[in-house]
Amino acid sequence: MPKKVCCIGAGYVGGPTMAVIAQKNPDVKVTVVDINEDRIQGWNSEELPVFEPGLLEVVKEARGRNLFFTTAVEATIAEADIIFVSVNTPTKEFGVGKGSAANLMYVEKCARTIARVAQSNKIIVEKSTVPVRTAEFLKQILHAEGSKHQFEIVSNPEFLAEGTAIVDLNNPDRVLIGGDQTSEGKAAVASVSSLYEAWVPKDRILTTNLWSSELSKLTANAFLAQRISSINSISALCERTDADVEEVGRAIGMDSRIGSKFLRSSVGFGGSCFQKDILNLVYLCDFFGLPEVADYWRKVVEMNNYQKRRFVRRIMSAMFNTVSGRNLAIFGFAFKKDTNDTRESPAISVCRDLLDEQAVLRIYDPRVKKAQIYRDLGLDPSIEDPRVQIMSDPYQAVQACDAIAVLTEWDEFAELDYERIFDAMRKPAHIFDGRNLLKPKKLKKIGFSLHSIGKGD
Ligand code: NAD
Ligand code: UGA
């Protein structure tokens, strides 16, 4: 059983994952390190940098006991037995593979630091999502640094979803651990596995070779995103034919071979990973000389972009192509409910397109801060922009608005008093429900002109 665990990267994955590992393994010292001082300060406070239901309770139970957050990166690495690398692996924005390959510079930096400061043998765990064969790259880097210590690389991708991170971590469908098929590799896998065995049944801990594990993570995200793009493509056809995408989703989802999850049609998928990971897969296919396979997966992202654009086109067409100077209330900015994360949120591209049409946006999100929304829209948070008003209350947001666009499925949006909202709006009062969250019959009865995804107007 390892005694000391270090995690490099105190983000959406590193923070919650290590909090749960620490909670379940009180005898293991778990230290999460980051170069971002604000983040570390946040993790040591009551206002965690990541909003996740149930997370604060877990952190409070373990913090100061066997869970620590610090910027002392090197010292923590030096004393650890196992080092999880949970840093960002964004899409490359320059050079070869620009716009599709994963940028591994942060991962590489971690490997070099580990090799430089290690004072004992280490198990290095790829927790970040990485291209298949990254472990080979890491081995080269570690070797090149000339350390006299042994490093075993293990792949242990994370499958949690934001907003349900604690539930997912407590009860994972599976924990995947890939390693070398040597005796040292197997021992390293067993060591990482022992941390999870504190609460995950052994039959849900799956061990594979390194490459299968790395590729399974990209494949899982690609399949999940593909389901959303598939149902979203059908939503466009539903809108033309008076079929109802929710009825179609229910009908096909009852086929046990298809399954009912992840068939919710929407304004488009967002989040930091789906697009990034599919583009990475596309790059790898091209790299390995498989252009047909690359094209196949590229379509999933293209369909998602089409869905976001289509949503705006529908707003424009229902409002006679004129939103210039008109007030639009935006309900929700996060990429999904129960998170403050806006990375790749469909709200960003929808709002940008509406601003291009000179609309005035009155944005309400229960968790996303004003500065974040301004930055996402390419605005300076210190300068008030009359075109983008951030509201602290949905009723205030809808005052004198012509339309509401629901872009995040926050539960509270379903509970609002829509008669009161209707009275506060200009007529005709439109609602564009990008999440099929609201009850069509009730709203139409009140007098709204309701436009749902995958349903005729
Ligand atoms: P994040 O951006 O929230 O966090 C990454 C952190 O790493 C940042 O705080 C950054 O400051 C830190 N960091 C970068 N380089 C560092 C270094 N050299 N030393 C110390 N700290 C460093 O990212 P995230 O959302 O937690 O994602 C991390 C990885 O996990 C990515 O590869 C992502 O694809 C994968 N992943 C994310 C999710 C998710 O839900 N967000 C789920 C599964 C997998
Ligand atoms: C996703 C995966 O679900 C996780 O397993 C994975 O670990 C993670 O990516 C990752 O690698 O980062 P996440 O992006 O946090 O998790 O959230 P999801 O619940 O998958 O939602 C992603 C996007 O798809 C959201 O914008 C959501 O609103 C949208 N979505 C989801 C739909 O439009 N329809 C659905 O039926 C489901």
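Helix axes are lines fitted to C-alpha atoms, taken for helices over the stretch in contact, and their angles run from 0 to 180 degrees between N-to-C directions. The model is predicted, so that local features need pLDDT of at least 70 and side-chain atom pairs count only at pLDDT 80 or more, while totals for chains, interfaces and linings use all residues. Residues are numbered from 1 along each chain as its sequence is written, ligands are numbered from 1 in the order in which they are written, and side-chain values use heavy atoms, with hydrogens and water left out.

**Exercise 1.** Describe how helix H9 and helix H11 cross, and which residues meet there.

*Solution.* Begin with the elements: helices are DSSP runs (H or I, at least four residues) and strands likewise (E, at least two), numbered from the N terminus. The axes of H9 (residues 210-241) and H11 (residues 274-287) come within 9 Å and cross at roughly 115°, and the crossing is left-handed, a term for a near helix turned anticlockwise from the far one by less than a right angle. Next, list the contacts (heavy atoms within 4.5 Å): H9 contributes residues including Leu215, Leu218 and Asn221, which meet a set in H11 that includes Phe274, Asp277 and Ile278. By class, this contact holds 10 nonpolar, two polar and one charged residues, where Ala, Val, Leu, Ile, Met, Phe, Trp, Tyr, Cys and Pro count as nonpolar, Asp, Glu, Lys and Arg as charged, and the others, Gly among them, as polar.

**Exercise 2.** Determine what surrounds ligand 1 and how much of its area the protein buries.

*Solution.* Counting residues with a heavy atom within 4 Å, one finds 24 around ligand 1, the closest being Asp34, Arg39, Thr89, Glu162 and Lys276. Polar contacts (pairs of N or O atoms within 3.5 Å) come next: oxygen atoms of the ligand lie 2.7 Å from a polar side-chain atom of Asp34 and 2.6 Å from one of Thr89, whereas a ligand nitrogen is 2.8 Å from an N or O atom in the Glu162 side chain. Taken alone, ligand 1 exposes 840 Å², of which the protein buries 92%, the areas coming from the Shrake-Rupley method with a 1.4 Å probe. The shell divides into eight nonpolar, nine polar and seven charged residues.

**Exercise 3.** Work through the surroundings of ligand 2.

*Solution.* Here 20 residues form the surroundings, with Phe159, Leu160, Ser266, Cys273 and Arg435 the closest, and the largest share, four residues, comes from H9. A nitrogen of ligand 2 is 2.8 Å from a polar backbone atom of Arg264, while oxygen atoms of the ligand are 2.8 Å from an N or O atom in the side chain of Lys336 and 2.6 Å from one in that of Arg435. The protein buries 93% of the 700 Å² that ligand 2 exposes when taken alone.

Methods:
A polar contact is a pair of N or O atoms within 3.5 Å; within protein, one must be able to donate a hydrogen and the other to accept it, and residues adjacent in sequence count only if both atoms are side-chain atoms.
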